[in-house]
Amino acid sequence: MVRRACAAACAIAIVAVACKPTLDDTQSIVASARVLAVRADPAEAPPKSQVTYTALIVDASGTLRDAPLDWAYCNQRKPLAELGPVSPLCMTRDADFLAELGVGTQVTATIADTACREFGPDVPEAKMGEPAGRPVDPDLTGGYYQPLRLALPGSTGDAFTLERARLACGIVGATSEQLVDFRKRYRPNTNPAVDALTANGARVVAEGSGAPSVVVAGARIAFHATWAECTDPAKDCGGAEPYVVFDLASRSIVDSREAIRVSWFATGGSFDHDRTGRDAAETDSFSDNAWIAPSQPGIVHLWIVLRDERGGAGWQSFAVDVR
């Protein structure tokens, strides 16, 4: 199980355009070009910091190392009445509230010094002729997010994806003693990483690390994905990290632990589940799924995407030779 669907706290919460489903609802079989995930390095950063964003873009031929993906920060606040994590107005190529970042599978950008005022706990600047704004409420992990707009050109037009990169904006409503305690104990989020994948107990070779693993056409394969165990809050680990959050209801600092969501993708065959994962209360650092290999021989590309509850993301690409 994944706590609160894990999506409520994902910095990389993704929304697609109009008739396209959200990334969380897409099917696991890849048939055309699409963005599966985006990783921010660092996974949590304050205003005026440089962050590198990397997209996992794939199609039926495998991972795309080069693609004309257009990136922009979207500085449009989401109206309170709108559902979803990001304003749908961001899904456009040209607007004065877009700050263009570049084109490609990876870009580096600086978070605006006003980000915590526009999308965080600081009081936003009043605009002429408009009512006074209000600070943004944190999510369940205490997080605030800068919206990102991604546009991937296609034969039928642009496919838009909206992302959110986690901001380090601090906390509000705490006493001076709590602020000191929080700063001492809080560790900024780091991205999770896939440690290994096995198929029926045999290790699957990561793409680019050797000859693809061989599986039998039509066979039912038991996949077992693992990530690092995290027990020390003072160390980066690449898994479900312990952290502290300032609970607004109780006005206290609470110990917590990230849930991990696992998304499974392939260019063929079928999975039992598109997504699996671990609730924050589950300490196991693995997740299982089953996959039925295609009946036709050939190379099948697989992707395992991890997302932690504070918005970190990581993935690994694999290939299997169906015979």
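The exercises below work through a predicted model of a single protein chain, each with a solution in steps.

**Exercise 1. Overall make-up and confidence**

Describe the secondary structure and the burial of the chain, and find which element has the lowest mean pLDDT and which the highest.

Solution. Begin with the secondary structure, which comes to 2 helices and 22 strands. Next take burial: of the 323 residues in the chain, 50% are buried, while the accessible surface comes to about 14,800 Å², with 53% of that area belonging to carbon and sulfur atoms. Then look at how contacts span the sequence: among those between residues at least 6 apart, 68% join residues that are at least 24 apart.

For confidence, the mean pLDDT of the chain is 88, and 89% of the residues reach 70 or more. Among the elements, strand E1 (residues 15-16) has the lowest mean, 41, whereas strand E8 (residues 106-110) has the highest, 98. Where pLDDT is low, the predicted coordinates should not be read in detail.

**Exercise 2. The disulfides**

Find how many disulfides the structure has, and work out for the pair Cys74 and Cys90 which handedness the S-S torsion gives.

Solution. A search of the whole structure finds 3 disulfides, and, with bonded cysteines counted along the chain, they follow the pattern 1-2, 3-4, 5-6.

Step one takes Cys74 and Cys90, whose sulfur atoms are 1.9 Å apart. The torsion about their S-S bond is about -80°, so this disulfide is left-handed. Cys74 belongs to strand E6 (residues 70-74) and Cys90 to the loop between E6 and strand E7 (98-103), so the pair ties together parts that lie 16 residues apart in sequence. Both Cys74 and Cys90 are buried.

Step two takes Cys116 and Cys169, with sulfur atoms 2.0 Å apart and -90° about the S-S bond, which is again a left-handed link. This pair links distant parts of the chain, 53 residues apart: Cys116 is in helix H1 (residues 115-119), and Cys169 is in the loop between strand E10 (159-167) and helix H2 (176-185). Cys116 counts as buried because its relative accessibility is 6%, and Cys169 counts as buried at 16%.

Step three takes Cys230 and Cys237, whose sulfur atoms are 1.4 Å apart in the model; with 75° about the S-S bond, their link is right-handed. The burial cut-off is under 20% relative accessible area. Cys230, at 8% relative accessibility, therefore counts as buried, whereas Cys237, at 22%, counts as partly exposed.

**Exercise 3. The surroundings of Ser317**

Decide whether Ser317 is buried or exposed, and find which side chain makes a polar contact with that of Ser317.

Solution. First place the residue: Ser317 lies in strand E22 (residues 313-322). Its relative accessibility is 8%, so Ser317 counts as buried. Then list the neighbours, leaving aside residues up to four places away in sequence: Ser317 touches Thr63, Ala206, Glu207, Leu302 and Trp303. Finally, look for a polar link, and a polar contact of 3.4 Å is found between the side chains of Ser317 and Trp303.

**Exercise 4. Aromatic pairs**

Count the aromatic pairs, and classify the pair formed by Tyr53 and Trp71 from the ring centres and planes.

Solution. The count comes to 8 aromatic pairs. For Tyr53 and Trp71, the ring centres are 6.2 Å apart and the planes stand at 25°, so the pair is stacked. Tyr53 lies in strand E4 (residues 50-59) and Trp71 in strand E6, so the pair ties together parts that are 18 residues apart in sequence. Tyr53 and Trp71 are both buried.

A further stacked pair is that of Phe182 and Tyr186, at 5.0 Å centre to centre with 15° between the planes. Phe182 is buried, with a relative accessible area of 10%, and Tyr186 also counts as buried, at 17% relative accessibility.

Terms used:
Residues are numbered from 1 along each chain as its sequence is written. This is a predicted model: local features need pLDDT of at least 70, side-chain atom pairs count only at pLDDT 80 or more; totals for chains, interfaces and linings use all residues. Side-chain values use heavy atoms; hydrogens and water are left out. Helices (H or I, at least four residues) and strands (E, at least two) are DSSP runs, numbered from the N terminus. Buried means under 20% relative accessible area, exposed over 50%, partly exposed in between (1.4 Å probe, protein chains only). Contact means heavy atoms within 4.5 Å. Accessible areas come from the Shrake-Rupley method with a 1.4 Å probe; for residues, only the protein chains shown count as cover. pLDDT is the predictor's confidence in each residue, from 0 to 100. A disulfide is a pair of cysteine sulfur atoms within 2.5 Å. A polar contact is a pair of N or O atoms within 3.5 Å; within protein, one must be able to donate a hydrogen and the other to accept it, and residues adjacent in sequence count only if both atoms are side-chain atoms. Rings of Phe, Tyr and Trp (its six-membered ring) pair if their centres lie within 6.5 Å; planes under 30 degrees apart count as stacked, over 60 as edge-to-face and the rest as tilted.
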